[in-house]
Every structure is written in structure tokens, then in C-alpha cells.
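Open the model in your viewer and keep a residue selection tool at hand. The stops below go from a sheet to its disulfides and then to a pair of helices.

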Amino acid sequence: MRPLVNACFLLSCLSLPVLGDDYFNNLLSIIKPPHSHTAIIATNLVTGDIIFEQNPDTLLLPASTMKLLTAVAATSSLGNEFRFSTRVYSRFPIKDGVIAGDVYISFSGDPTLKTQDLRSLLSQLTEQGLYRIEGSLYLIGQANEQLQAPGWVWDDLGICYAAPVSSFVLNRNCVHGKLSPKLASNQSQLSVPGYIPISITNTSVFDKSGIEKFCQLDLQRLPGNHFSLSGCYSGSQAIKLAIAITDPGLFMQESMSQILKSSKILLKGHISIKHQLPTQARLIAAHDSAPLPDLLGIMLIKSDNLIADSLLKQLGTKNYQGPGNFSNGSRALKDVLSGEGIVLTHAQIVDGSGLSRYNLLSARQLSQVLHLIYTDSRFAQLIDSLPVAGVSGTLKYKASFNKPPLLKHVMAKTGSMQGVDNLAGFIRSETQGDTLFVILENGQSPLEKKQQRAPFSALFLHSLMDNTLAQESQAGSALTPSSPAN
């Protein structure tokens with residue numbers, strides 16, 4: 001890998017005498033990763049001119065830059081007033097503290113639903129005087145759900161960033177634990193809160209001396225939210241684990257049983273799952289999520305996959321008037337964006353998060369989405385939801401973005417997975433006009449990534465800022481004393 005100092009020296013040398021495509025082509029011959037596929041487009045948003053483009057129509061893996069499309073489609077189709085709703089119904093009124101029949105809780109796939117929210121739902125019932133349900137409690141969710149999109153990597157599925165996307169979501173369908181080494185041996189101890197309804201068999205060990213040539217942990221996902229953790233971890237310090245559940249319905253059912261037992265309501269019947277509300281059931285309690293702009297803010301800043309794909313399914317539900325899934329959600333997303341003028345003819349959209357290895361987008365298509373965000377007031381708030389270099393979200397600690405000249409001047413959506421390092425967003429500074437950019441890098445060598453001093457995107461953006469300033473400087477020097485700048 002070429003040393004960063006050499007690349008930066010080249011930037012300083014090229015920025016003054018060489019402008020336009022020659023400047024960037026010369027630069028890319030030095031900084032472009034030799035083993036990666038790259039695509040770039042940069043546009044001056046003041047003049048509308050394309051500053052530079054290379055391979056703008058090449059289809060590449062977008063990773064989490066896909067969330068830009070999801071944010072625009074959700075805003076356009078669902079609207080800013082949209083909220084996920086969890087509702088409680090009964091065909092019988094509360095009379096003398098009793099419901100003389102069954103109670104139903106309808107779940108909509110709220111990706112932010114927490115245990116405390118369900119406790120609050122039950123508190124709404126106790127505030128109405130309820131202390132006993134004579135019938136059963138039915139949890140209403142979608143039948144035959146598609147929990148993961150095609151193209152999600154198998155070994156991601158046990159990790160919380162790939163948690164199952166279901167109408168039943170509680171605590172992000174994620175369980176947190178800690179794996180610690182025992183003092184006098186290489187054995188490990190797994191700590192998971194005892195009230196969480198999962199079971200994990202642990203046979204993993206710690207390689208404290210680092211003598212094992214092949215040492216890695218292996219999590220096996222078994223039916224019924226059972227897991228088996230084996231293999232080894234190189235080191236002697238405890239590590240945090242975030243495990244995605246496998247059966248959301250069962251997890252919700254068993255969690256609800258615990259929550260109900262700790263409430264003031266006695267259930268005479270059982271808790272089970274159904275897929276349809278009975279007729280003539282009336283609403284008796286409800287919990288709503290935060291509105292869509294708040295959800296999108298979390299999704300973009302934290303690159304939240306669960307929110308993105310839950311919204312994708314809602315797009316499918318609204319646009320096709322039926323149960324939402326990845327198939328109709330992806331079709332709906334594409335239809336909505338096409339209606340907004342985004343040309344997605346050759347794009348492949350499989351999910352809303354970008355986790356799928358089947359997604360394909362071009363730099364030009366992403367730039368069209370960013371231009372729509374920038375120019376259409378309906379989407380203006382999305383710019384403020386983007387991570388800011390060195391300040392927030394996934395750009396807060398990203399190498400070279402947390403120091404000048406990029407610090408605080410770049411607001412963009414990252415897109416990272418193994419072999420992929422993308423960035424799409426805007427440059428804003430006091431010394432130049434707003435600039436839109438998309439930088440896609442696929443096929444990134446893990447060895448080069450480990451050795452690099454700065455990401456390719458950072459080097460290019462640094463050059464982009466330098467080049468713009470050089471152009472302005474050159475334009476300023478051409479002014480005559482008789483025609484001063486205003």
C-alpha cells in the first residue's frame with residue numbers, strides 16, 4: 001500500500017496546476033485501490049455541472065447506501081405521520097374488572113418495540129380496572145413470514161445486525177450476553193440474563209496465549225431459539241455478544257408470558273399465536289412508535305438494518321394491499337422511486353437495508369436519489385439525518401473523516417460489508433458550493449484495507465475539496481482590477 005504521506009503530497013502538487021478530468025485521472029492512477037472495482041460521480045449542486053465521473057453506470061453492491069432509497073421511498077409513500085402500531089383488542093368489554101373472553105394483541109413489526117412498551121400496554125388495561133382475563137391471549141402476526149431477504153449471508157444470520165424481520169419484534173429480536181474466560185483454565189463462561197427465553201449451550205474456550213493457528217468462535221442456530229456456541233477466542237479479555245433470535249413468534253410468546261406474570265392481570269387461559277383478528281373486536285389499548293422522520297433519523301445515523309427492512313415490508317403492505325414481504329416491498333420501493341423520476345431500469349433491489357449480496361445499484365442511480373433529497377423539500381430533513389464526518393453516526397470515528405479537511409464538512413451514508421466500502425452524500429463548507437458525491441468501492445482486498453492509512457473515499461474527497469478551491473482560486477486570479485469580485 002502506498003504511504004498516505006505520498007498520496008497527500010501528490011494531492012498538494014496536483015491541486016493547483018491541474019484541473020478537471022486530467023487532475024482526477026492523474027490522481028486516481030495513484031490512489032485507486034489496485035484490486036477494487038470503483039465507481040465515482042461528483043456534481044456541483046450550485047451550477048448543476050458534473051465535476052467528475054468514472055464508471056457511473058456500472059452496477060455494484062450498494063451495501064447500506066441502499067438505505068437512502070428506503071428513506072426516500074418511505075417518506076414518499078408512507079408519509080411523515082406514519083407510525084408502527086401495537087394494538088390490543090377484545091370482543092368483550094371490561095366489566096367489574098374482568099374481560100369475559102379472549103384478548104388479542106396485534107403486532108405490526110415495530111422495530112423499536114421494547115419490553116417496557118408491552119408493560120405500558122398492560123398498564124393501560126389495569127388503569128381501566130382490568131385484573132382478570134377469563135379467556136386466552138392471542139398474539140396476532142403475519143403467517144408464513146419471510147424473515148430474511150434472499151442474498152443475506154448465512155453466517156450473518158446469528159448476529160443482531162441481521163436479526164429476523166417479522167411482525168413480531170421485541171427488543172430488536174436480539175439478545176446481549178458476555179463471554180468471559182475462567183481464571184485457572186482455558187474454559188469460558190457465558191452470561192445471558194436468565195429471564196430471556198433462549199437457551200445457549202457453550203463449549204467455547206479462550207486461547208489466552210495465542211498459540212492456536214486457527215481460532216474462531218462458531219455459533220450454531222437451532223430450532224426453538226436454542227443455540228450452541230463452540231470454538232475458541234484468541235485473547236484473555238471478556239467479549240460482548242449480540243445474538244439474533246431465530247423464532248420471533250416463539251420469542252414474543254414466551255416473553256409475553258413473563259411480562260404478564262409480572263403484571264396485575266391474571267390470565268385464565270393460554271398465550272398462543274394467531275394470524276387474523278376476529279370480527280367485531282374493539283380496540284382497548286394501543287402503543288405507537290415514533291413517527292417516520294424519527295425512525296429514518298435512527299436508520300440513517302446508525303445504519304439500522306431492522307428499521308430499514310421493516311419499513312420495506314410496510315411499503316409492500318401499502319402498495320399491494322396485502323401482507324408485506326421482501327419481494328413486494330422491493331417492488332414497491334422501485335415503483336415509488338421510479339414515480340419520483342429515479343431511473344432504476346437495470347438496478348436490482350432485494351431488500352431495504354443493503355444486507356443482501358444480490359442488490360445492484362450504480363453511482364448514477366444513487367446520485368439521482370441524493371439530488372432528489374437535495375432539491376425536493378419533502379426530503380430535505382433527510383440531509384440532517386445523515387452521519388456527519390467526525391461528529392455523528394457511522395462517520396464519527398471513520399479513519400480520516402474525523403480530522404480536517406473532511407471533519408464536519410462531509411455528511412453521507414456509509415455502505416460497508418466485507419469487500420465493500422461505499423460512501424454517498426454531500427460536502428458542505430464555507431469556502432465552496434455544495435457538492436454531491438457517490439464513491440463505490442467493491443472487491444476490496446481485506447489485506448489492503450488492513451494496511452491502508454486512509455480509505456479511498458477519504459483521499460478522493462480530500463482531492464475533490466482541494467480541486468474545487470484551486471478552480472475558485474484560478475477564477476479569482478483572472479479578475480481585473482476594474483472588475484472586482486462582489
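In what order do the three strands of the open sheet stand? The order is S10-S9-S15, with antiparallel pairing. Strands pair if DSSP finds at least two bridges between them; helices (H or I, at least four residues) and strands (E, at least two) are DSSP runs, numbered from the N terminus.

This is a predicted model, in which local features need pLDDT of at least 70 and side-chain atom pairs count only at pLDDT 80 or more, while totals for chains, interfaces and linings use all residues. Residues are numbered from 1 along each chain as its sequence is written, and side-chain values use heavy atoms, with hydrogens and water left out.

**Stop 1**

**Stop 2: the disulfides**

There are two disulfides in the structure (cysteine sulfur atoms within 2.5 Å). Select Cys-160 and Cys-174, which are joined with an S to S distance of 2.0 Å. The torsion about their S-S bond is about 95°, so this disulfide is right-handed. Cys-160 sits in the loop between S8 (137-140) and S9, and Cys-174 in S9, so the bond ties together parts 14 residues apart in sequence. Cys-160 is buried at 14% relative accessibility, and Cys-174 is buried at 11% (buried is under 20% relative accessible area, exposed over 50%, partly exposed in between; 1.4 Å probe, protein chains only).

Move to Cys-215 and Cys-232, whose sulfur atoms are 1.9 Å apart in a disulfide. Cys-215 is partly exposed at 23%, whereas Cys-232 is buried at 10%.

**Stop 3: two helices**

Select 66-77 (H3) and 292-302 (H6): their axes come within 11 Å and cross at roughly 180°. The helices are therefore roughly antiparallel (angles under 35 degrees count as roughly parallel, over 145 as roughly antiparallel, 65 to 115 as roughly perpendicular, the rest as oblique). Residues in contact (heavy atoms within 4.5 Å) include Leu-68 and Ala-71 of H3 and Leu-296 and Met-299 of H6.

Key: Axes are lines fitted to C-alpha atoms, for helices over the stretch in contact, and angles run from 0 to 180 degrees between N-to-C directions.
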